[in-house]
Amino acid sequence: MTKQKRRILTGHRPTGPRHIGHLVGTLESWVTMQNEYDAFFLVADLHVLTTNYMHPECIQENILHLLVDWLTAGIDPDTSTLVLQSALPEHAQLSQLLSMLVTVARAERVPTYKEQIQELNLKPSLGLLTYPVLQSADILLYNADAVPVGEDQLPHIELTREVARRFNRLYGETFTIPEAHVLTSEASRLPGIDNRTMHTSYGNAIFLRETPEETERKIMEMYTDPNRIRATDPGTVEGNPVFSYHDIFNTDKTAIEELKKRYRAGKVGDVEVKQLLAKAVNQYLAPLRARRAELMHRSEEIMELLLEGTEKARPIVQHTLAVVQEKMGLRSPLHEPYNLNQAAFQQSLRRNPLGFI
Ligand code: TRP
């Protein structure tokens, strides 16, 4: 008998196209992990509404962009399962049940909640407050062993573990306590072309979907050492995003060392360093662009992959929810599958006359 693979579940909100920060920070790790684990990748469309409920018109398009970017990056729908959160009502249902076990004070202490309120300057909705509870439901429905995420998501995994422990203590062993698998690398905080953290909405990102020419143009505009006026001035390599990029994307390590030496000595201009970088980044992205070219104009097939994955997930989440309902005292003959047909329903009443009232 083959040993069962451990399960991972992770996901993104469909908020817009993925950039090279997502690629080297998370997607590449997901791609590696999908072979070792039973992997579920969740398109967390419900979560989008926690802050963006006033823009429903973007969501469907962004779902498609997200999927194309994931597939471009190497997520393999033959080995992994792609799931659409809102198509499985069990996500919302379990979230509501778990919310009974989380105090308002605890939810308010989640640092991402406080940050979002400050950053977006918004009046928080109940939906935003329960964001991490919905995320807990996402993870626990699948009994995931591990959740590969960036460091920013750690408070949500911590809450998930607390809720799972609390549930197990109250109602008996039910959930696997999931572990955060933190994706840390120097690449996980890739600077944008303006040296702030790369972000979809900051106007500083290099997107996976852009052409080599667009990528080159952005790289030629990149922030470098601000104290260096002329190419003959000695330059600083540390903290200089052009060299952070070279370290990640340029496969010719000796050439990088040579370039750094010349930069420090004031023997190379920014333009040459950037031209070499544009070439390296475009080389790095070439296989992704080839995959993308194959995916273009196949949006129906891509949505089909999402549908297949979601249907594969459905019995898993239905099972978990039924167990939770049972343990929380909500399971009666009126519930699925008993009410699927009248005969079975009548029979279940006879078997279990006190099952409801
Ligand atoms: N909150 C995650 C993010 O913004 C997305 C997400 C939703 C998620 N549900 C999840 C990640 C479950 C891991 C597991 O990136």
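1. E257 is partly exposed, because its relative accessibility is 45%; that class sits between buried (under 20% relative accessible area) and exposed (over 50%), with a 1.4 Å probe and protein chains only. E257 forms a salt bridge with K260, and their closest N and O atoms are 3.8 Å apart. A salt bridge here is a side-chain nitrogen of Lys or Arg within 4 Å of a carboxyl oxygen of Asp or Glu. K260 has 10% relative accessibility, so K260 counts as buried. Both residues lie in helix α12 (residues 253-264), three residues apart, about one turn of the helix. An α-helix has 3.6 residues a turn, so residues three or four places apart point the same way. D247 joins E257 and K260 in a network of salt bridges.

2. The basis of these values needs stating. This is a predicted model, in which local features need pLDDT of at least 70, side-chain atom pairs count only at pLDDT 80 or more, and totals for chains, interfaces and linings use all residues. Residues are numbered from 1 along each chain as its sequence is written, and side-chain values use heavy atoms, with hydrogens and water left out.

3. Now the overall picture. The protein chain has 15 helices and five strands. These are DSSP runs, numbered from the N terminus: helices are H or I of at least four residues, strands E of at least two. The C-alpha trace spans about 90 × 45 × 45 Å along its principal axes. Of the 357 residues of the chain, 46% count as buried.

4. Which other salt bridges deserve a look? The whole structure holds 14 of them. R314 and E311 meet in one, at 2.8 Å from N to O. Both lie in helix α14, three residues apart, about one turn of the helix. R314 is partly exposed, because its relative accessibility is 22%. E311 is also partly exposed, at 39%. Another salt bridge joins the side chains of D194 and R196, at 3.1 Å from N to O. D194 is partly exposed at 28% relative accessibility, and R196 is partly exposed at 44%. Side chains of opposite charge can pair when their charged atoms come close.

5. Turn to the ligand. Which residues come nearest to the ligand? They are R13, Y131, Q135, D138 and Q153, out of the 14 residues around it. A residue is near a molecule or strand if one of its heavy atoms lies within 4 Å of it. The shell divides into seven nonpolar, five polar and two charged residues. For these classes, Ala, Val, Leu, Ile, Met, Phe, Trp, Tyr, Cys and Pro are nonpolar, Asp, Glu, Lys and Arg are charged, and the others, Gly among them, are polar.

6. Look at the atoms next. A polar side-chain atom of Y131 lies 2.7 Å from a nitrogen atom of the ligand. For Q153, an N or O atom of the side chain is 2.9 Å from a ligand nitrogen atom. For Q135, the corresponding distance to a ligand nitrogen atom is 3.0 Å. The ligand taken alone exposes 370 Å², and the protein buries 93% of that. Such areas come from the Shrake-Rupley method with a 1.4 Å probe; for residues, only the protein chains shown count as cover.

7. Which elements give two or more residues to the shell around the ligand? They are β1 (7-12), α8 (131-141) and β4 (146-149). α8 gives the most, with four residues. Helix α8 is mostly covered: 11 of its 11 residues are buried. Among them are Y131, Q135 and D138. N143 follows α8 and has a positive phi, near 50°.

8. Two loop residues also have a positive phi. N195 has a phi near 75° and is not a glycine. N195 lies in the loop between β5 (179-182) and α10 (212-220). N195 is partly exposed, with a relative accessible area of 30%. H297, also not a glycine, has a phi of about 60°. H297 sits in the loop between α13 (270-295) and α14 (299-327). H297 is exposed, because its relative accessible area is 77%. Most residues other than glycine have a negative phi, and most peptide bonds are trans.

9. M33 and P148 are 115 residues apart along the chain, with their C-alpha atoms separated by 8.9 Å. M33 is in helix α1 (residues 20-36). M33 is buried, because its relative accessibility is 6%.

Conventions. Polar contact = N/O pair within 3.5 Å; in protein donor to acceptor, adjacent residues only side chain to side chain.
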